[in-house]
Amino acid sequence: MNFRNFGRAIVVAAVSMTLAACGINSVPAAEEQAKAKWGDVEAAFQSRANLLPNIEALVKGARQGEEDIFVGVAEARSRAGSVQLSGDDLSDPDKMAQFAEAQSALGSGLSRLFATVESNPNPQFTRNIETAQAQIEGAEARIRIAIKDYNEAVRQYNTTIRTFPDTIGANIIHGAEPLAPYEAATEGAEEAQVIDIS
């Protein structure tokens with residue numbers, strides 16, 4: 001009788017270890033980590049977008065004649081804000097590309113905006129622009145870090161769902177799909193713009 005109970009305990013332990021090793025917990029944990037990192041990417045882009053109204057107002061006050069640039073930046077900001085991704089969209093490369101393209105257009109608009117102020121002779125205006133430029137550069141750095149962290153979480157998740165034994169739980173139990181990494185819409189778009197306003 002004791003031997004029979006001992007045998008059952010061994011079987012239960014073996015089954016438990018097998019189930020634990022097939023991705024039942026690791027797959028959703030890796031997916032949630034990637035989704036959380038995507039939230040950081042969105043927050044970093046939103047932080048940059050939140051700086052734009054103040055910068056636009058600052059530049060508008062000094063350069064009334066550059067209306068087309070302001071309109072272009074406002075439109076790019078609107079497009080960048082309208083492309084939203086949910087956690088379910090992270091496995092759709094097309095939606096990821098649309099998001100990256102909208103953010104790239106916003107970055108291009110910012111560089112044109114800063115280019116309009118390079119020749120302004122007002123020292124107070126120049127100091128304000130330098131402060132704004134430093135804030136944008138900080139936001140761009142946070143975006144790069146958030147994208148790097150997100151792509152690493154996606155790499156870990158995609159590796160988890162493709163490697164044994166986690167692939168068993170990923171495919172049979174969770175129906176896991178690979179997530180798409182963030183890729184810049186244009187070459188060099190992941191780099192912060194360096195603008196000389198001296």
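Is F99 buried or exposed in this predicted model? F99 is buried, because its relative accessible area is 3%, and buried means under 20%.

**View 1. The overall fold of the protein is built from six helices and zero strands.** Read along the sequence, the elements follow the pattern α-α-α-α-α-α. Of the 198 residues, 35% count as buried, while the protein exposes about 11300 Å², of which carbon and sulfur atoms supply 54%.

**View 2. The largest nonpolar core of the protein has 37 residues.** Within this core, the residues with the most contacts are W38, M96, Y150 and Y182. The elements that each give two or more residues to the core are α2 (26-62), α3 (67-82), α4 (93-115) and α5 (123-162), and α5 gives the most, with 11 residues.

**View 3. W38 is shown with its contacts beyond its neighbours within four places in sequence.** These contacts are L85, L90, M96, F99, Y150 and Y182. W38 counts as buried because its relative accessibility is 2%, and W38 also belongs to an aromatic cluster that it forms together with F45, F99, Y150 and Y182.

**View 4. W38 and Y182 form one of the six aromatic pairs that the structure holds.** The ring centres of W38 and Y182 are 6.2 Å apart and their planes stand at 35 degrees, so the pair is described as tilted. This pair links distant parts of the chain, since W38 lies in helix α2 and Y182 in the segment after α6 (166-173), 144 residues apart. Y182 is buried, with a relative accessible area of 9%.

**View 5. F99 and Y182 form an aromatic pair that is edge-to-face.** Their rings are 6.3 Å apart from centre to centre, with 80 degrees between the planes. Because F99 lies in helix α4 and Y182 in the segment after α6, the pair ties together parts that are 83 residues apart in sequence.

**View 6. N158 is shown in helix α5.** Is N158 buried or exposed? N158 counts as buried, because its relative accessibility is 15% and the limit for a buried residue is under 20%. Leaving aside its neighbours within four places in sequence, N158 is in contact with P178 and L179.

How values were computed. Residues numbered from 1 in each chain as written. Predicted model: local features only at pLDDT ≥ 70, side-chain atom pairs only at ≥ 80, totals over all residues. Heavy atoms only, no water. Helix = DSSP H or I, 4+ residues; strand = E, 2+ residues; numbered from the N terminus. Buried < 20%, exposed > 50% of the residue type's maximum accessible area, 1.4 Å probe, protein only. Areas by Shrake-Rupley, 256 points an atom, 1.4 Å probe, with all protein chains shown as cover. Core = buried A, V, L, I, M, F, W, Y, C linked by side-chain atoms within 4.5 Å. Contact = heavy atoms within 4.5 Å. Phe/Tyr/Trp six-rings, centres within 6.5 Å; stacked < 30°, edge-to-face > 60°.
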